Amino acid sequence: MPVRLRRLAVWLMLAATVAGCAGGTSDSRPAGKDSTAQRSATAFLAAYVRPDGRVARPDQGDDTVSEGQAYGLLLAEVADEPAVFGRIWQWTQDHLQLSGGLFGYHADAAGHLLSAQPASDADLLIAWALLRYQGPHAAERHQAGRQVAAVVLAQEVTTGPGGTPVLTAGPWATGRPASLDPSYWALPALTGLAQLTRNQQWQQLADGAVALTNRLTASGRELPPDWAQLTAGGVLAPAPAPNGSEPETEYGLDAQRTIVWFAVSCDPRARALAGRWWALLRQPGRAKAQALLPNGVIINPAAAPLPLVAAAAAAQAAGQQSAGRALLQRATMQQHSHPTYYGGAWAALGPALLSGALGGAC
């Protein structure tokens, strides 16, 4: 069977079964070998990971970003593919890792760096993936993970209100005003690193992220923003994108990740916030839309998998399990009909996180 048809069969099979994986994290256990989460992860790896370990974005010029390498590592774990994990990590080391230990954000298809500026979400998730890893060469990868984690704390963290440590968007973003991307505050990774490194700075970052997101969203009455700023005077506020790509504050394809990370957190305050966001996302047209204003007004109504996964996470956090299952199924079908690297990543990460296959039970 041609590769394209095999991928089509996989996505159709996932669409038929993915609804069963949105059962909640409070009593979930890691998924089994034949689980929907594993099949979703396997589908992503087959579609987007090249034989040398590069996670490609074929819909964006066949380039690569450090975030994609991080997603690949996590999904290789879910898929129980240690050899794929090893290839992804080797390519990441060879082509993206900088002399200081962090990772350049952007490379072309040949592996040449286009931007050596690190992005803290990728750095954080790579450290988490390496320290979680349990396959061959685990000790070596754990050591690498500890080194990356230490550099994140040293170079990508600033101080917020009341002395709260805050993960910024990268080393470039730690000044004043500090540039923050709340979707980089992946709570399971932050709390996981606290346990794996025994460094409580990570737990402080997680606690601060929940408190800051509560402030940014008026205790859940507004949706999280893609970007925020922290001024020299300690004022925290939503903001347009620092590179000018978003001229107004919006809930878009960055911020939608925030809801997923918060919905699967073991912190009840984070899950409560995620549940409150369901009141905004349940309104017609909002669950699928690529961009909304923080008050829920639709900016870009075009459908994509990630907003559907985010709405599924919010529904699950609000106790609406059937709505969550239906939304996950829609996300899978959206990826099948309009496949993209980013949609594929979150069509796979969503089931993995919401089922407990990635992150585990609380």
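The lining of the largest pocket divides by class into 14 nonpolar, eight polar and nine charged residues, where Ala, Val, Leu, Ile, Met, Phe, Trp, Tyr, Cys and Pro count as nonpolar, Asp, Glu, Lys and Arg as charged, and the others, Gly among them, as polar. Before I go on, this is a predicted model, in which local features need pLDDT of at least 70 and side-chain atom pairs count only at pLDDT 80 or more, while totals for chains, interfaces and linings use all residues. Residues are numbered from 1 along each chain as its sequence is written, and side-chain values use heavy atoms, with hydrogens and water left out.

The volume of the largest pocket is about 790 Å³. Of its 31 lining residues, those closest to the centre are Tyr105, Tyr184, Trp227, Asn243 and Asp254. By a pocket I mean, on a 1 Å grid over the protein atoms alone, an open set of points with protein on both sides within 12 Å along at least five of seven lines, whereas a cavity is a set where a 1.4 Å probe fits but cannot get out; lining residues have an atom within 4 Å of a point. Grid points are joined across faces, edges and corners, and a volume is the space filled by probe spheres set on the points. At least two residues of the pocket lining come from each of β3 (113–118), β9 (289–292) and α13 (341–355); helices (H or I, at least four residues) and strands (E, at least two) are DSSP runs, numbered from the N terminus.

How many cavities of 30 Å³ or more does a search of the whole structure find? It finds one, and the largest cavity has a volume of about 40 Å³. Its lining consists of Tyr71, Asp121, Leu124, Leu125, Ser183, Tyr184, Ala186, Arg257, Trp261 and Trp346, which divide into seven nonpolar, one polar and two charged. Both α5 and α9 (255–263) supply at least two residues of this lining, and α5 gives the most, with three.

That brings me to the helices themselves. In α5 (residues 120–132), 13 of 13 residues are buried, that is, under 20% relative accessible area, with exposed meaning over 50% and partly exposed in between (1.4 Å probe, protein chains only). Helix α5 reaches 18 Å from its first C-alpha to its last, close to the 18 Å expected at 1.5 Å a residue, the expected span being 1.5 Å times one less than the number of residues.

Helix α3 is also mostly covered, with twelve of its 13 residues buried, including Tyr71, Leu73 and Leu74. Just after α3, Asp80 takes a positive phi of about 60°.

In α4, the buried residues are Val84, Phe85, Gly86, Ile88, Trp89, Trp91 and Thr92, and these pack against α2 (36–48), β1 (64–65), α3 (66–78), β2 (104–107), α5 and α6 (138–155), where contact means heavy atoms within 4.5 Å.

Finally, the chain as a whole. It has 13 helices and ten strands. The radius of gyration is 19 Å, close to the 21 Å that the globule rule gives for 362 residues, so the chain is as compact as a globular protein of that length; the radius is taken over C-alpha atoms, and the rule is 2.2 Å times the number of residues to the power 0.38. Of the 362 residues, 56% count as buried, and among contacts between residues at least 6 apart in sequence, 64% join residues at least 24 apart.
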